[in-house]
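Subject: Structure handover and notes

Dear colleague,

My notes come after them.

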Amino acid sequence: MSASPEELEARMAELRARLREAVRARDRAGADRIRRELRQVEDSWNRALDAEADDAGEAVGEVADDADGPTAVQDPPHRSASTPAAPNRLGLALPVREQVHQSLTILGAPASPKLISAAYEAFFTDPLVPSRLASLRRDEERSFTAQGHSRPYYICAALTYDRLTPARGLLAVSTWPLERRVIGPLSPRADFLAHAARVAGQIERMCAAGHEPAEAAWRLLRRFAFNIPGAYDHDGHPDPARVIAAARAESQVHTANDEPDRRASAAVAREKLSDAQQLFGVAPLGEARTVSETTP
């Protein structure tokens with residue numbers, strides 16, 4: 001029988017306490033094992049939330065989604081992104097960090113506040129104003145510094161591959177692996193293609209479920225398709241399947257060169273950086289050394 005969200009939350013709290021003890025004891029191997037187990041429990045917790053959301057969606061006629069979009073970047077098993085913002089229709093405003101998390105879950109890769117806002121407008125009922133994101137990462141960093149791994153996720157920074165400083169203007173989700181959050185020379189294009197495929201997959205699933213996507217969703221997909229060879233013939237709405245195929249085809253060209261940079265940088269980050277620095281980057285001044293300078 002699957003564990004309930006409450007049981008999983010208790011397990012996460014226990015693992016976080018053990019992780020703090022391991023870090024204080026400088027037990028790197030033990031800390032790495034606990035982190036892996038913690039990520040697995042967090043994934044189970046997110047799936048349990050998905051199941052609850054699906055049950056609630058069936059009761060009120062909501063759209064449910066398994067968040068399994070096919071892209072070059074693996075999909076995180078987070079809360080269903082296609083479920084419309086039911087709490088907002090009930091008059092309960094979602095926190096900005098939750099809105100950003102939902103949007104990034106759709107996009108599946110680091111993104112700018114403007115794109116995050118556009119994705120939220122495309123698939124949910126209330127607006128997400130980009131200016132409201134201005135201080136979010138700093139707020140999240142302060143919360144993490146004060147409370148550690150007390151939250152299931154944090155809105156964090158993408159990291160530059162060479163200096164491991166915060167990538168300017170890009171937000172990510174703390175539960176994503178470091179390899180996905182590191183930005184190398186070819187990563188912006190690879191992430192653009194991942195965004196396109198994820199948005200196309202989201203629209204495709206909505207259509208398959210008999211729900212017409214909002215015009216904002218088609219507009220966002222069109223913006224992606226215009227910039228991918230072979231994805232769009234400028235006639236009506238883009239075909240989501242065609243966008244996915246074109247994005248995948250081009251992504252294969254970049255992956256071989258992009259992924260080694262990301263993996264190498266992520267390995268250095270795990271070896272050299274604290275938990276907070278792995279999420280929010282090293283200070284741009286003072287500690288801004290290159291990977292080659294910090295590699296033993």
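This is a predicted model: local features need pLDDT of at least 70, side-chain atom pairs count only at pLDDT 80 or more; totals for chains, interfaces and linings use all residues.

Residues are numbered from 1 along each chain as its sequence is written, and side-chain values use heavy atoms, with hydrogens and water left out.

**The sheet**

Helices (H or I, at least four residues) and strands (E, at least two) are taken as DSSP runs and numbered from the N terminus, and two strands pair if DSSP finds at least two bridges between them. On that basis 3 strands form an open sheet in the order E2-E1-E3, with mixed pairing, and its edge strands are E2 and E3, each of which pairs on one side only. Strand E1 (residues 155–160) is joined to strand E2 (residues 166–173) by 4 bridges, and the two run antiparallel; here Cys156 stands opposite Ala172 in E2. Towards strand E3 (residues 182–183), E1 has 2 bridges and runs parallel, with Val182 as the bridge partner of Leu159.

For burial, the terms are buried for under 20% relative accessible area, exposed for over 50%, and partly exposed in between (1.4 Å probe, protein chains only). E1 is mostly covered, with 6 of its 6 residues buried. Helix H5 (residues 113–123) is likewise mostly covered, with 8 of its 11 residues buried, among them Leu115, Ile116, Tyr120 and Phe123.

Most residues other than glycine have a negative phi, and most peptide bonds are trans. Leu164, although not a glycine, has a positive phi of about 60 degrees, and it sits in the turn of the hairpin that E1 and E2 form with 5 residues between them. Leu164 counts as buried because its relative accessibility is 4%. Arg26 also has a positive phi of about 60 degrees without being a glycine, and its place is in the loop between H1 and H2. Arg26 counts as exposed because its relative accessible area is 78%.

**The largest pocket**

Grid points are joined across faces, edges and corners, and a volume is the space filled by probe spheres set on the points. The largest pocket holds about 740 Å³ of space and is lined by 33 residues, of which Arg35, Arg39, His149, Asp275 and Gln278 lie nearest its centre. The elements giving two or more residues to this lining are helix H1 (5–24), helix H2 (28–60), helix H7 (178–181), helix H10 (240–272) and helix H11 (275–280). H2 gives the most, with 8 residues.

By class, the lining has 14 nonpolar, 5 polar and 14 charged residues, where Ala, Val, Leu, Ile, Met, Phe, Trp, Tyr, Cys and Pro count as nonpolar, Asp, Glu, Lys and Arg as charged, and the others, Gly among them, as polar.

**Thr255 and the cysteines**

Thr255 is found in helix H10 and counts as partly exposed because its relative accessibility is 25%. The side chain of Thr255 reaches the backbone oxygen of Ser251 at 2.8 Å, and the C-alpha atoms of Thr255 and Ser187, which are 68 residues apart along the chain, are separated by 8.8 Å.

With a disulfide taken as a pair of cysteine sulfur atoms within 2.5 Å, the count comes to 0 disulfides. Cys156 is buried, with a relative accessible area of 0%, whereas Cys207 counts as partly exposed at 36% relative accessibility.

With best wishes

Key
On a 1 Å grid over the protein atoms alone, a cavity is a set of points where a 1.4 Å probe fits but cannot get out, and a pocket is an open set with protein on both sides within 12 Å along at least five of seven lines; lining residues have an atom within 4 Å of a point. A polar contact is a pair of N or O atoms within 3.5 Å; within protein, one must be able to donate a hydrogen and the other to accept it, and residues adjacent in sequence count only if both atoms are side-chain atoms.
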